[in-house]
Amino acid sequence: QVQLVESGGGLVQPGGSLRLSCAASGSIFRINAMGWYRQAPGKQRELVATSPSGGNTTYADSVKGRSTISRDSAKNTVYLQMNSLKPEDTAVYYCNADLIPWGQWNTRRYWGQGTQVTVSS
């Protein structure tokens with residue numbers, strides 16, 4: 001059983017910062033990538049940032065220059081530091097992991113439960 005648990009969401013004023021965390025736990029053989037998506041009310045879920053193992057990080061244009069994704073491989077944890085937050089950053093943020101569970105051969109995508117980020121004065 002694999003589980004992703006996010007933390008760090010909340011209410012922040014425009015221009016403020018937040019750091020989201022997501023820890024993967026359970027029977028994990030290898031993590032190939034971890035990332036963050038978000039979904040605003042009435043909109044499709046969209047990619048925010050992704051961090052492949054041994055590869056280059058990528059960012060959505062809307063957050064580029066304001067956000068930094070990082071990973072602690074020893075802890076199977078991914079972070080998203082968001083600065084200069086705007087009201088349009090308001091959304092539920094989901095982390096995901098593309099990983100191979102123990103005893104399996106194929107990569108599977110797992111999702112966290114989501115954490116609300118609200119940017120408002």
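This report covers the sheet, the nonpolar core and the aromatic contacts of a predicted model.

## Basis

Local features need pLDDT of at least 70 and side-chain atom pairs count only at pLDDT 80 or more, while totals for chains, interfaces and linings use all residues. Residues are numbered from 1 along each chain as its sequence is written, and side-chain values use heavy atoms, with hydrogens and water left out.

## Sheet

Four strands form an open sheet in the order 1-3-8-7, with antiparallel pairing. Strands are DSSP runs of E, at least two residues, numbered from the N terminus. Two strands pair if DSSP finds at least two bridges between them. Strand 1 and strand 7 (67-72) are the edges, and each pairs on one side only. From one strand to the next, the twist averages 15°.

Strand 3 and strand 8 run antiparallel and are joined by six bridges. C22 has V78 in strand 8 as its bridge partner.

## Nonpolar core

The largest nonpolar core holds 29 residues. Such a core is a set of buried Ala, Val, Leu, Ile, Met, Phe, Trp, Tyr and Cys residues joined through side-chain atoms within 4.5 Å. L4, W36, L80, M82 and Y93 touch the most other members. Elements that give two or more residues include strand 1 (2-7), strand 3 (18-26), strand 4 (28-39) and strand 8 (77-82). Strand 9 gives the most, with five residues.

What does M82 contact, beyond its neighbours within four places in sequence? Its partners are G16, S17, L18, L20, R66, S67, Y93 and V117. Contact means heavy atoms within 4.5 Å.

## Aromatic pairs

There are two aromatic pairs in the structure. Rings of Phe, Tyr and Trp (its six-membered ring) pair if their centres lie within 6.5 Å; planes under 30 degrees apart count as stacked, over 60 as edge-to-face and the rest as tilted. F29 and W102 have ring centres 5.0 Å apart and planes at 70°, so they are edge-to-face. F29 lies in strand 4 and W102 in the loop between strand 9 and strand 10 (108-111), 73 residues apart. F29 is partly exposed at 44% relative accessible area, and W102 is exposed at 56%. Buried means under 20%, exposed over 50%, partly exposed in between (1.4 Å probe, protein chains only).

Y37 and W111 are also edge-to-face, because their planes are at 70°, with centres 5.1 Å apart. Y37 in strand 4 and W111 in strand 10 are 74 residues apart. Y37 is buried at 18%; W111 is partly exposed at 34%.

## Charges over rings

The charged end of R19 sits over the Y79 ring, 4.0 Å from its centre. R45 has its charged end over the ring of Y94, 3.8 Å from the centre. The cut-offs are NZ of Lys or CZ of Arg within 6 Å of the ring centre and within 35 degrees of the ring normal.

Notes
Axes are lines fitted to C-alpha atoms, for helices over the stretch in contact, and angles run from 0 to 180 degrees between N-to-C directions.
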